[in-house]
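This report describes ring contacts and strand pairing in one protein model. The sequence and structure are shown first.

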Amino acid sequence: MRQLFFLFFVFALKSGFSQFQVQGKVLEFNEKGKTIPIANANVYWLSSTIGTTTDFDGKFSTPYQKNIRQLVVSSVGYRSDTIPVNRPNLGNIVLYPNVVLDEVVVEKEVAPLQKSLFKVQNVVSVDSREMLKAACCNLSESFETNPAVDVNVSDAVLGAKQIQMLGLNSPYLMFTQENMPSIRGASQVFGLSFIPGSWIESIQITKGAGSVLNGFESISGHINSELVKPLTDKRFFLNFYANNFERYEFNTRLNHNITDDLGVGLYIHANLRNGYIDNNDDSFYDTPLARQINFMNRWQFMDPESGWVSYANIQYLSDTKELGQTDFNIDEDKLTTNAWGSEIETSRLDISAKTGYVFPDLPYQSFGFQTAYSAHDQNSFYGLNQYDINHRSFYSNLIFNSIIGSTQHKFKTGVSLTYDGFEENVNNTPFTRYDNSLGAFFEYTYDSLEGLSFVAGLRADRHNNLGTFITPRLHLRYSLWDKASFRASFGRGIRGANIFAENQQLFASSRQIVIDGTNGNYYGLQPEKAWNYGVSFIQKLYLWNRVLEFSMDYYRTQFDEQVVVDWENAREIAFYNLEGESFSNSVQVDLNYEILQDLHLRTTYKYFDVATEYRSGTFEKPLQPNYRFFVNLSYETLKIAEKQWRFDVTGNWLGRQRLPNTNINPEEFQLAEWSTSYNLFNAQITRVLSNKFEVYVGGENIGNFTQPEPILSSSDPFGTYFDSTILYGPVLESLYYVGFRYKI
């Protein structure tokens, strides 16, 4: 495999110098006559589909087409321009806003969910318009209309939403916020609910092993969220949400431009759930009581003329959840057998900053520095179980970007330093661990829109608990024919499993905790190591003058070493190192089409084959649907006098799921081997009353499907058979909500 990796480097270096890149920068004039970059502008060769888009700094680079020699530059809201290409560097290209005199300018916005033909990695880009199709109160609820990832609820008591990709749980995903590590360690279970959806500008979802720039932990994929920017965001934003289960959310953003180059934002999120909901009459709350307050102060400096860009954030949140039986009184019943209850109190501080510099005379060359610190404190109890965790994390990354000969050959290199300190208390048993690593990476990109492109990366890390190791990553893209791309990738990931923080639902049961490991540095267990590789194909074509998009991908994750989480004995949950084979196979087929003007259809079929060799035998992964079918239908009316209607309907069909073995329980507490398949429907209607104000109403689980008896032995929660962890379907009945958004 190392020889294959080397051959791709050699091939690129030999073939790449035969074609040079055309580059430039797309700008506009602001109100004070100063130029600012235009991001995501379209740059393509005249009368062709060959092109690219500008990055955040307005820059672009595309291979020269000697038989065309004219570039078209366009962006929504601006007059297009056609540029004769007679030199490699076109310099600054200024676009001017559309001016409506006695004519009507008709424009079509870029789709809110996009798969690129030209990016080397298999990336799905989601912008804020797509997230508005769901209630989208936090990041965990931002994927309801997105088939790239699957959203599940961890158990019938905690109610925490977790996501899966390629059939694997979220610990095998890498989460970053503006390309800095975000949801990991202590925040693995609840961290998705700590990022308000209204703060997010866009999300990039990468399937397969990610870039070596972001570290060595990614195995099944990478999800990066970009926050709104103070200099370009609305001056004021206000959102209020309420549903029939007495959940209320408040979001606001206030931004102020101190100068043309310096902006500051204050973001506030608050939520409250105080509804005592027990519609299935099992004496347990169907959804936890909760309250959260979340602040962020964000600074942005951007001076395109000097080349300096920087951001600084400070965020603090306080989150409290109360769950359990409806008659539980925390002041009287805490850690007693009077009634089963739980409280989870979390406080978290995040501080981050990043600075970048682009060389004015060498726009393809830059360096950047990222640093982040977080302090996460959680104190919690579940019935008679106690679990506390304190996690301190530090991260820094220095990156240098440049080219080799021409902009068709780019590279990124740098070093990273990380530190994590964990202090856990599990039923008065302390667990303490410190992780620190120093790593260096190099990533080479060969870019050709017409043929083969690839990104090859290698990083070396020295870790106090994982040792010294190499992480290779490779992504390929080949342009098969017009509007068709084939991609392939492979990569390796390694991580230490935080078995308690990642499986907190185990405390909401009577299962005994068994850790069978003695020689490893993670609770006596060895680290997890896996290879991920896959292929994908995408074809875009015109059918009846409308774009039809078809894509298909296959990915396989093969574990060399894994911490097996074994639920197959109903009396215990066991953690031990893999002694056989463990793998995940995932197939996904997508078909997207605009049926009528502004009536869009998205369909997806997924098939999963996920199995692990347990000590009791080889079984499919429990609580994993063997297939999913997704369909989304959205429609927007024409905007007239700033008014518009938006409609969105989403359906999910989930196949049967294998349930953990409960045969040793008495018959009344035994479950079938497989769950039933079921479907879920969500819908939303938005009325845009002006460019400043809109209202929306919607529903989730409109068909009102709920899992019968989601909690085993709910009438005896301190008994032997109590278990809330075997959840394959919703606990909440149909949910309906209403809200409004105001922005200026």
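## Strand pairing

Leucine 317 has arginine 348 of strand E23 opposite to it. Strand E22 (residues 308-324) and strand E23 (residues 341-358) run antiparallel and are joined by 17 bridges. Here strands are DSSP runs of at least two residues, labelled E and numbered from the N terminus, and two strands pair if DSSP finds at least two bridges between them. The model is predicted: local features need pLDDT of at least 70 and side-chain atom pairs count only at pLDDT 80 or more, while totals for chains, interfaces and linings use all residues. Residues are numbered from 1 along each chain as its sequence is written, and side-chain values use heavy atoms, with hydrogens and water left out.

E23 is also joined to strand E24 (residues 366-382) by 17 bridges, and these two strands run antiparallel. Glutamate 343 stands opposite phenylalanine 381 in E24. Elsewhere, strand E37 (residues 599-614) pairs with strand E38 (residues 617-620) in the antiparallel sense over four bridges. The two form a hairpin with two residues between them, and glutamate 613 faces threonine 618 in E38.

## Aromatic pairs

The whole structure contains 41 aromatic pairs. Rings of Phe, Tyr and Trp (its six-membered ring) pair if their centres lie within 6.5 Å; planes under 30 degrees apart count as stacked, over 60 as edge-to-face and the rest as tilted. Tyrosine 172 and phenylalanine 559 form an edge-to-face pair, 5.2 Å centre to centre with 65 degrees between the planes. Tyrosine 172 lies in the loop between strand E13 (168-169) and strand E14 (173-177), and phenylalanine 559 in strand E33 (residues 546-561), so this pair ties together parts 387 residues apart in sequence. Both residues are buried, that is, under 20% relative accessible area, where exposed means over 50% and partly exposed in between (1.4 Å probe, protein chains only).

The pair of tyrosine 635 and phenylalanine 647 is stacked, because the ring centres are 6.5 Å apart and the planes are at 20 degrees. Tyrosine 635 belongs to strand E39 (residues 627-636) and phenylalanine 647 to strand E40 (residues 644-654), so the pair ties together parts 12 residues apart in sequence. Tyrosine 635 is partly exposed at 33% relative accessibility, and phenylalanine 647 is partly exposed with a relative accessible area of 33%.

Ring pairs also link Tyr382, Tyr387, Phe431, Phe500, Phe507 and Tyr523 into a cluster.

## Charges over rings

The charged end of arginine 495 sits over the ring of tyrosine 172, 5.4 Å from its centre. The criterion is NZ of Lys or CZ of Arg within 6 Å of the ring centre and within 35 degrees of the ring normal. Arginine 253 lies over the face of phenylalanine 237, at 4.3 Å from the ring centre.
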